[in-house]
Amino acid sequence: MSSASSVPRVVVQDAAGAEPSVQAWVPVYMPAVVCLDLQSAQNAIQAAGIFYSRSVDASGASRMQVNDSNWIVVAQDPPVGTLIGEGDALLSAVKIGEPNNC
C-alpha cells in the first residue's frame, strides 16, 4: 500500500437490503513469519487481521503448497512492519527438510 489515499474501500449491504454503506478497510502491520511453518505463518497473519495471503514455492519448481504444515517460510514480502492489506502478504516456502536459511 503506497499511501493512505489508496486504502481500499468495501461496500457492505445488510441482510434487510438497506442502502449500502462504505466502510474503510484497516491495514495491519506485517508480522515476522520467516522460519515458521507455512500454516503457522498464515495463522500469524490472520491473527493480525489479514485473512488472505499468498505463497509460492521458493525452489522454483512451482509446486503447490497443499499441506501447509509441511512447508517452511524462507522469505516474506513485504518486510516485517510494513502495512498490508488482503492479498499483500507473499510467503516463499520450501518443503521442510529441504535446504533453507532457517
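How many helices and strands does the secondary structure of the protein hold? The secondary structure comes to one helix and seven strands. Helices (H or I, at least four residues) and strands (E, at least two) are DSSP runs, numbered from the N terminus. Along the sequence the pattern is β-β-β-α-β-β-β-β. The model is predicted: local features need pLDDT of at least 70, side-chain atom pairs count only at pLDDT 80 or more, and totals for chains, interfaces and linings use all residues. Residues are numbered from 1 along each chain as its sequence is written, and side-chain values use heavy atoms, with hydrogens and water left out.

Burial was assigned from relative accessible area: buried is under 20%, exposed is over 50%, and partly exposed is in between (1.4 Å probe, protein chains only). Of the 102 residues in the protein, 28% are buried. Contact means heavy atoms within 4.5 Å. Among contacts between residues at least 6 apart in sequence, 62% join residues at least 24 apart.

Strand β7 (residues 90-95) pairs with two strands named here, β4 and β5. Two strands pair if DSSP finds at least two bridges between them. With β4 (residues 54-57), the sense is parallel and there are four bridges. In that pairing, V56 has S92 of β7 as its bridge partner. With β5 (residues 71-77), the sense is antiparallel and there are six bridges. There, D77 is bridged to L90 of β7.

Helix α1 spans residues 38-48. Its buried residues include L38, A41, Q42 and I45. Seen down the axis of α1, the buried residues fall within an arc of 95 degrees, so they line one face of the helix. The arc is taken over the directions from the helix axis to the C-beta atoms. An α-helix has 3.6 residues a turn, so residues three or four places apart point the same way. The cover over the buried residues of α1 includes β4, β5 and β7. At the start of α1, a side-chain oxygen of D37 comes within 3.0 Å of the backbone nitrogen of Q39. This is a polar contact, defined as a pair of N or O atoms within 3.5 Å; within protein, one must be able to donate a hydrogen and the other to accept it, and residues adjacent in sequence count only if both atoms are side-chain atoms. Just after α1, G49 has a positive phi of about 120 degrees.

The largest nonpolar core has 13 residues. Such a core is a set of buried Ala, Val, Leu, Ile, Met, Phe, Trp, Tyr and Cys residues joined through side-chain atoms within 4.5 Å. M30, V33, I45, V73, I84 and L91 touch the most other members. Two or more residues each come from α1, β5 and β7. The largest share, three residues, belongs to α1.

Q76 sits in strand β5. At 15% relative accessibility, Q76 is buried. Its side chain reaches the backbone oxygen of P31 at 3.0 Å and the backbone nitrogen of V33 at 2.8 Å. Neighbours within four places in sequence aside, Q76 is in contact with M30, P31, A32, V33, V34, L90 and L91. The peptide bond from D77 to P78 is cis, with omega near 5 degrees. P78 lies in the loop between β5 and β6 (83-84).

The structure has one disulfide, defined as a pair of cysteine sulfur atoms within 2.5 Å. C35 and C102 form this link, with their sulfur atoms 2.2 Å apart. The angle about the S-S bond is -95 degrees, and the link is left-handed. C35 lies in the loop between β3 (28-29) and α1, and C102 in the segment after β7, so the pair ties together parts that are 67 residues apart in sequence. C35 is partly exposed, at 37% relative accessible area, and C102 is partly exposed at 45%. C35 is not a glycine, but its phi is positive, near 80 degrees.

L36 lies in the loop between β3 and α1 and is partly exposed at 31%. Beyond four places in sequence, the contacts of L36 are A41, W71, I72 and V73. L36 and S69 are 33 residues apart in sequence and 9.2 Å apart in space, C-alpha to C-alpha. In the loop between β4 and β5 lies S62. S62 has a positive phi of about 60 degrees although it is not a glycine, and at 64% relative accessibility it is exposed.
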